[in-house]
Structure formats: C-alpha cells, structure tokens
Amino acid sequence: MRTFHAASASFLAPPAPHLHLPPVAPALRGGLSAKVPVPAAVASRSRSCFPPSRRASRRRRCSRAASSGAAATVTSADDAKKDVLIALSQIIDPDFGTDIVSCGFVKDLEISDALDKVSFRLELTTPACPIKDEFEQKANEVVAALPWVKKVEVTMSAQTAQPVYGGELPEGLQKISNIIAVSSCKGGVGKSTVAVNLAYTLAGMGARVGIFDADVFGPSLPTMVSPENRLLVMNPESRAILPTEYLGVKMVSFGFAGQGRAIMRGPMVSGVINQLLTTTDWGELDYLVIDMPPGTGDIHLTLCQVAPLTAAVIVTTPQKLAFIDVAKGVRMFSKLKVPCVAVVENMCYFDADGKRYYPFGQGSGTQVVQQFGIPHLFDLPIRPTLSASGDTGIPEVVADPQGDVAKTFQNLGVCVVQQCAKIRQQVSTAVSYDRSIRAIRVKVPDSDEEFLLHPATVRRNDRSAQSVDEWTGEQKIQYSDVPDDIEPEEIRPMGNYAVSITWPDGFSQIAPYDQLEMLERLVDAPRAATPAVASS
C-alpha cells in the first residue's frame, strides 16, 4: 500500500489527509484528486420496458426439449442461480454496452425445488424501451439453453416512476420520471404539433404520459385534442387540480380552465403557470411533455426553476429567421443545464410529380445541429393531413399510425427515450462516495474522465451563504472546523447540474458540477508547480 503526499495549497485547495488506496484502486495524484480513465462500457441502469399500469407483467413460458445424451445438473439452488446470472450477463444493453445483470435489471430470481425450473423478473427503468421484446426473447433463450433447465418464466416490469432529483419537489411532480420541454422560442413553427404528437407516440410505446400546455396567452391544446371533459376540476379535499384525459394521456392547459386566453402581466402569468404545473395531481408519469411558449422570458425561467427538466427538444423551420430565435433558446437551455437531445425541422419539403421541393430553403436544422452539437435531427414534411389533424382534435400519429409522419415521430420517440435514459444514468452516477478509498468520485455528464476529491476538501470549499459571507465574501467556515476524516452520509443528484451532499453534522451542501470541476483544477494547480512525491 502506498501513501501519496500532497504539496501544500491555498485554503481553496487545503492539504487534506492522505487517501489510502487498496492495490487495485487507481493512484491518486497528490492525495486530493486524480483523473481516472473510464471504460466505454459504464455500468448503468439503462432504458427498460413495460409500464406497471398497462403491461405490468407479460409472461412467456419457454419449454426446452430434452437434449441428447446426458444432461448436466446442478447440486444446489445457489449454483443454479449463478448459472442463470452468468447466462443473462450475455445480454448487453446496446446503448451503454453493459450487461443487464450489472445494470440491476434481474429481480426475484427463483429456482424450483427440483432444480429444473427458473423464474425471474426483468425490471427495466423506462416502459417505453424500443427493444423490450428483444430483451424478453433473449432472456428466455439464454436461460433455456442451460442443460439443466426445463422451463423458463420471465416477467417484464418497469420501475416506479420517480425523478432523478434530490431536492424537495412540489407534490405534483414527485412521481414523474422525465420532464421533456418542447421549445422553439419562435411562434408558428409547429412546436405544439410536435409536442402533442411526441406525447402520443411515447404513449403508444407503452409509457404513461402527460402534456402540459405552458402557453397562457395562446393555449393550443384545447384545439389539438378532443377530451370528453374540457374543464379542469379541483379535488375538494386535497385542493389538487385533476388533469383532463384524452386517449390515455393526461393533460393540463389554461384553455381548460374556462378562462380562454389570458390577458395579464408577466408576474401573474408565472404564478398561473406555477400553480397549474405544481398543484396538478399528475400521478405516476414516465414522461411529462411541456409545450413551451415562444420566447425566452419569465415563463421559461419559471418552468426551468420549478420543474427539473430532463431534456429539451428544439423545433425549427428552414428559414434563417427561425434559426436566429432557436439559437437563443438553445443557449438558454445550455445556461440552465438542460441538455437539448434532438432538433425537429418542420415544414421542410413536399413531394410532387415525383420530385422533392424545399419551398423555404434548407439548412436551418442542420445549422442548429452543427453549431450546438445536438446529436439528432428529424425532418417533417409539409402535409395537409398533419395540419388538419391539429384542427380536428385528433393527433396525426393517432389518425394515421402507419404513415410517414408517424414513422418520423416514432424515430423521435425512440431518440427521446434513449437520450433520457442516458441522461438519468449519467446524472445518477455522476458523483458518488467510494468508502474503500475514502474519496468522492466525480464524472461529470458528457465527460470522458473521472476524478477524485477528498471529502474534507469538498466540505471546506462550500460556497453557500452558511459558509461564505454574502456581502464581504469572507469565509465563515475555517479549515479546522472540518475534521480530516469527515465522510458524506448521502449524495443525491439535483437535476442535471449539481448534487446535494449531506454531512454528519446535518449540513446539506449543494455542489454544482462546475464547482467540483473548478475545485479539481485548483487542487491540481499547486502540484503542477510542485510535483507530488509518492512513498511506500
């Protein structure tokens, strides 16, 4: 075992106690922080399948014909379980390159007393998984291939909907797994059309979905869908708003409040939006799609502050003018640490006489993708049926589920499901405490490197009002106030930008990823001038 001694540093990077590393652990530079290469196949809780409410359990039984010759046997249930887990570890999640056993998907593994029957449950993290049937089929096949197995019973399920967020959320948002903002920052580009059809596409994939129309001045939802009950109702006991519903999708809009379109000032609008979103009894939802209003004003900031947005989908049109406004929106989401996962370029082209025409030019969507690094671009054509569906109250993906437009939305839905799963996995594992080496591991989302920080260093560098005087900038907490052997009690994600760290003294520290990265650089800076010395 080797102990690494750090060079002295300023208060922002104090000489914390040495980290004692087991032989298999990565070496820590200077005892404070070290960058550790992370393999491409990161263990993750990747996307998964089947909502508990609709397809809570699907069972498929697979009987294996007796193999020729002498069949191999197992002597105990423990050995049998090991065989099954080894077999299931052959199934790799294609998004993360990690097997489903490491992902924690395998639950309730049982072996019969006769050691010839196997039953287990695959609990996946999102019910809208596009390859859920392949997971189920492959699980049956690999376990049935074991020589001693005569029957396999697989149950598919999904985890309970819950946000990846460690803070106190309004009661109405506590059972929502993913919140997707559909935004354009410009009116008239088809944002509401994309939001509604995306929501019904996700519902068709098996997810529990809700739509929130955040445009108080010009709500579109009452025109685009046709719910039987067109007025929101309040629960007299809980005082919660009960959303209306259409074809299995829950929805809330100011247009369903019986007030039509609002005529009010900005602060009042923000209050209305806050009330409609947070006091609604949404129940358990896998995805809540928010149809954002045009612009980048108070309402957008309110939504981003109140709701932990998982990701954003950007809608644009081919014109340069649309790109200018969309660029503002992308920058807004970037500052608010909300990843933009896809761009939808609406009204791109139409086909006639065997040719494809681009009446508004080309390149706006591609420019957004290239300039801001958004990974996915989807083109929507000019179609009379798509426009008409918004007026008749029946979404296009419902009216023509096999059409070309529906296929584009299906691809968009798959993209959103996969990207949300990746984001949730990255956020949930971004910061953790490794007790074996007494270090906080940090791997910021979208980064290829992991670094280590000493708990005392993180605690001593809290920048909140409890630790730093807001007026003078004077440090309230002193170096000696934090013991060298302090360890965090709990680390929880706070949306896409920070973690909440609970310490033994009851203090809850909010540590933004940016602050942790800056701390790591400050810790590294003194060592660049005075190299650390390793001793046996």
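**Confidence, core and ring contacts**

Student: How many helices and strands does the chain have?
Tutor: This is a predicted model, and its chain has 14 helices and 27 strands.

Student: What is the mean pLDDT of the chain?
Tutor: The mean is 79, and 80% of the residues reach 70 or more. Among the elements, strand β10 (residues 209-213) has the highest mean pLDDT, 95, whereas strand β1 (residues 3-5) has the lowest, 35.

Student: Over which residues is the pLDDT below 50?
Tutor: Residues 1-71 form one such stretch, and beyond near neighbours in sequence this stretch has 219 contacts in the model. Residues 528-536 are also below 50, with 12 contacts counted in that way.

Student: Turning to packing, what share of the residues count as buried?
Tutor: Of the 536 residues, 51% count as buried. As for contacts between residues at least 6 apart in sequence, 73% of them join residues at least 24 apart.

Student: Which residues touch the most other members of the largest nonpolar core?
Tutor: They are F212, F333 and L412, in a core of 109 residues. Helix α12 (residues 404-428) gives the largest share of this core, 11 residues.

Student: And what is L412 in contact with, leaving aside neighbours within four places in sequence?
Tutor: L412 is in contact with V194, L198, V313, A342, V344 and F378. There is also a second, separate core of 29 residues, which includes A80, L146, W148 and V154.

Student: Changing topic, how many aromatic pairs does the structure hold?
Tutor: The structure holds four. One of them joins F105 and F135 edge-to-face, at 6.4 Å centre to centre and with 80° between the planes.

Student: Why does that pair tie together parts that are 30 residues apart in sequence?
Tutor: Because F105 lies in the loop between β5 (98-99) and β6 (106-111), while F135 lies in helix α3 (residues 132-144). Both F105 and F135 are buried.

Student: What about Y200 and Y246, and why is that pair edge-to-face?
Tutor: Their ring centres are 6.2 Å apart and their planes are at 70°, so the pair counts as edge-to-face; the cut-off is over 60 degrees. Y200 is in helix α4 (residues 191-204) and Y246 in strand β13 (residues 244-246), so this pair ties together parts 46 residues apart in sequence. Y200 and Y246 are both buried.

Student: Lastly, which ring does R356 lie over?
Tutor: R356 lies over the face of Y349, 3.8 Å from the ring centre.

Definitions and conventions. Residues are numbered from 1 along each chain as its sequence is written. This is a predicted model: local features need pLDDT of at least 70, side-chain atom pairs count only at pLDDT 80 or more; totals for chains, interfaces and linings use all residues. Side-chain values use heavy atoms; hydrogens and water are left out. pLDDT is the predictor's confidence in each residue, from 0 to 100. Helices (H or I, at least four residues) and strands (E, at least two) are DSSP runs, numbered from the N terminus. Contact means heavy atoms within 4.5 Å. Buried means under 20% relative accessible area, exposed over 50%, partly exposed in between (1.4 Å probe, protein chains only). A nonpolar core is a set of buried Ala, Val, Leu, Ile, Met, Phe, Trp, Tyr and Cys residues joined through side-chain atoms within 4.5 Å. Rings of Phe, Tyr and Trp (its six-membered ring) pair if their centres lie within 6.5 Å; planes under 30 degrees apart count as stacked, over 60 as edge-to-face and the rest as tilted. A charge sits over a ring if NZ of Lys or CZ of Arg is within 6 Å of the ring centre and within 35 degrees of the ring normal.
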